[in-house]
Amino acid sequence: MTTTTAPAPAARMPRQIPYIIGNEGCERFSFYGMRNILVQFLITSLLLQHITAGAERELAAKDLMHTFMIGVYFFPLLGGYLADRFFGKYNTILWFSLVYCIGQFCLALFVDNRLGFFIGLGLIALGSGGIKPLVASFVGDQFTQANKHLAKIVFDGFYWIINFGSLFASLLMPLFLKNYGPQVAFGIPGVLMLVATLVLWLGRRQYVMVPPATSADPDSFYRVVRTALLTRRGGEGRPGLVVAIAGAVLAIGAIAFAHKLGVVIAICLALVALLAGIGGGAWVQLERARGRHPDAAVDGVRSVLRVLVIFALVTPFFSLFDQKASTWVIQGNAMTKPDWFVASQMQALNPALVMILIPFNNLVLYPWLRRIGWEATALRRMTAGIAFSGLSWIVIGTIQVVMDGGSPMSIVWQVLPYALLTFGEVLVSATGLEFAYSQAPSAMKGVVMSFWNLTTTIGNLWVLLANFAVRNQGVTDSIASTGFSVTAFQMFFFAAFALIAALVFGLYARSYREVDNYRSA
């Protein structure tokens, strides 16, 4: 007698996913619609009327834009913490989205008021940053081990819809700014953010709501780290604690120089010092936590620390990527182009290429690489992506050298560096979203995703430091002796920065052991 077993039902896409994807598409239109005209608006607006010199005005606009981006990618720490410990992902996303809406409308209302406009930017940074680590991890929560293979498709689709919104925002908002003024150009993103919030709310009865860890976990990441740093061993010192204290001292030193460095740079440097000191110290002494905490908790902390090293090595990529909205726009303003075309519209090329490259990579490139015996793992893709970003800046720097020599250049020449940078973005950012979620222990997903977003904060910090350096006469004299302009020199500097980072990232990735932290069915 033979028996047959009914085949397992095919895994289905969760029906709530369209609400999250729709929300993200509208929110991204709102964000990029505002961000991609910000530098252009600041250079020509009354908000910088106290600065008359053209070059200094452009530098100030760049500083403001990258300071804003630092805030956007710093506040994920707050959003991730509130979601993981108190309110859950959905409620946190909803309330921060309302703050986000208020900020967008402040920009439209206060285009001639410096304080009101900057308050609006602060509210957008808080709202956008607060939801940033949660939407991607909220997507992941809708899947289980049974259908996690579909999650990889959705994460790519998630990134695709981000760029769908960015494409139309990049094409249309510069024209609205040019033809209808800043109130209309900043008001439209506000309306789109209201739509995004409504779409999220409409799906509220269908979402999988993973509850926050409301009670203190005796074996949490922070408790294990504290135990590791403070535990004594007979006859041994506490080198890890010394490293952590050194990080704290450096952080205090950075804050002490805030009057020279600027408050934003000082705070960011202090954050880097604290993370490096505490993380490095915990790594040195982590085995001391065994016995007081379960092995699984200690191993989980080791896994998170290894992920944070990966994140740290990605920061140079974001220092290059985000300058397409500042340095590349300013270069585009000086290039020849049709009268109807605005330099900031070139940014539309980035999302358009992303929407082509994601399906191309998944359907053509990665299968072909597999057939020839090379598996495009997540870390290999990210290594290549950082390197491609460096190549894009070699090209953009070469364009700048030609322009500095007096030869006019068409803005069409920016297509090549945009293509190289976008290919790098797909390999780094689209891959990194799913990688960060999969590597995070279940109780730490919101916080780990926040650290992934923090890579962009640190990337923008490197830009502010570079801008700070070129305000020093000694530095500019040294650059002049190379024969390059300050702008061209900075471009080649960032290219070298990324290529060195790619080399170090690739070497570290060879010893990294990936884990699978999707929730069980």
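## Terms and basis

Axes are lines fitted to C-alpha atoms, for helices over the stretch in contact, and angles run from 0 to 180 degrees between N-to-C directions. Helices (H or I, at least four residues) and strands (E, at least two) are DSSP runs, numbered from the N terminus. This is a predicted model, in which local features need pLDDT of at least 70 and side-chain atom pairs count only at pLDDT 80 or more, while totals for chains, interfaces and linings use all residues. Residues are numbered from 1 along each chain as its sequence is written, and side-chain values use heavy atoms, with hydrogens and water left out.

## Helix α14 against helix α16

The axes of helix α14 (residues 349-371) and helix α16 (residues 415-439) come within 9 Å and cross at roughly 55 degrees. That angle makes α14 oblique to α16, on a scale where angles under 35 degrees count as roughly parallel, over 145 as roughly antiparallel, 65 to 115 as roughly perpendicular and the rest as oblique. The crossing of α14 and α16 is right-handed; a crossing is left-handed if the near helix is turned anticlockwise from the far one by less than a right angle, and right-handed if clockwise.

On the α14 side, the residues in contact (heavy atoms within 4.5 Å) are Leu349, Asn350, Leu353, Val354, Leu357, Ile358, Asn361, Leu365 and Tyr366, and they meet Val415, Tyr418, Ala419, Thr422, Phe423, Glu425, Val426 and Leu427 in α16. The residues of this contact of α14 with α16 divide into 13 nonpolar, 3 polar and 1 charged, where Ala, Val, Leu, Ile, Met, Phe, Trp, Tyr, Cys and Pro count as nonpolar, Asp, Glu, Lys and Arg as charged, and the others, Gly among them, as polar.

## Helix α12 against helix α16

Helix α16 also packs with α12, their axes coming within 11 Å and crossing at roughly 155 degrees. α12 and α16 are therefore roughly antiparallel to each other, and their crossing is left-handed. The contact is made by Ser303, Val307, Ile310, Phe311, Val314, Phe317, Phe318 and Phe321 of α12 together with Leu421, Gly424, Glu425, Val428, Ser429, Phe435, Ala436 and Gln439 of α16. By class, the contact of α12 with α16 has 11 nonpolar, 4 polar and 1 charged residues.

In helix α8 (residues 221-230), the buried residues are Phe221, Val224, Val225, Thr227, Ala228 and Leu229; buried means under 20% relative accessible area, exposed over 50%, and partly exposed in between (1.4 Å probe, protein chains only). What covers the buried residues of α8 includes α9 (239-256), α11 (263-285) and α12 (295-321).

With α11, helix α8 packs at an angle of about 70 degrees, the axes lying 8 Å apart. That makes α8 roughly perpendicular to α11, and the crossing is left-handed. Here Val225, Ala228 and Leu229 in α8 meet Ile278, Gly281, Ala282 and Gln285 in α11, and the residues of the contact divide into 5 nonpolar, 2 polar and no charged.

## Nonpolar cores

A nonpolar core is a set of buried Ala, Val, Leu, Ile, Met, Phe, Trp, Tyr and Cys residues joined through side-chain atoms within 4.5 Å. The largest such core has 139 residues, and those with the most contacts inside it are Phe68, Phe186, Ile310, Trp452 and Phe505. α12 gives the most to this core, with 14 residues. Leaving aside its neighbours within four places in sequence, Phe186 is in contact with Met34, Ile37, Phe41, Gln104, Leu107, Ala108, Val111 and Phe117. A second, separate core of 5 residues includes Ile70, Cys268, Leu461 and Leu464.

## Individual residues

Phe388 is found in helix α15 (residues 378-404) and, at 26% relative accessibility, counts as partly exposed. Not counting residues up to four places away in sequence, Phe388 touches Leu420, Phe423, Gly424 and Leu427. Thr487, in helix α19 (residues 486-509), likewise counts as partly exposed, at 34% relative accessibility.

Ala348, by contrast, lies in the loop between α13 (327-333) and α14, and counts as buried at 5% relative accessibility. Apart from neighbours within four places in sequence, Ala348 is in contact with Leu167, Ser170 and Leu171. The C-alpha atoms of Ala348 and Ala61, 287 residues apart along the chain, are separated by 20 Å.
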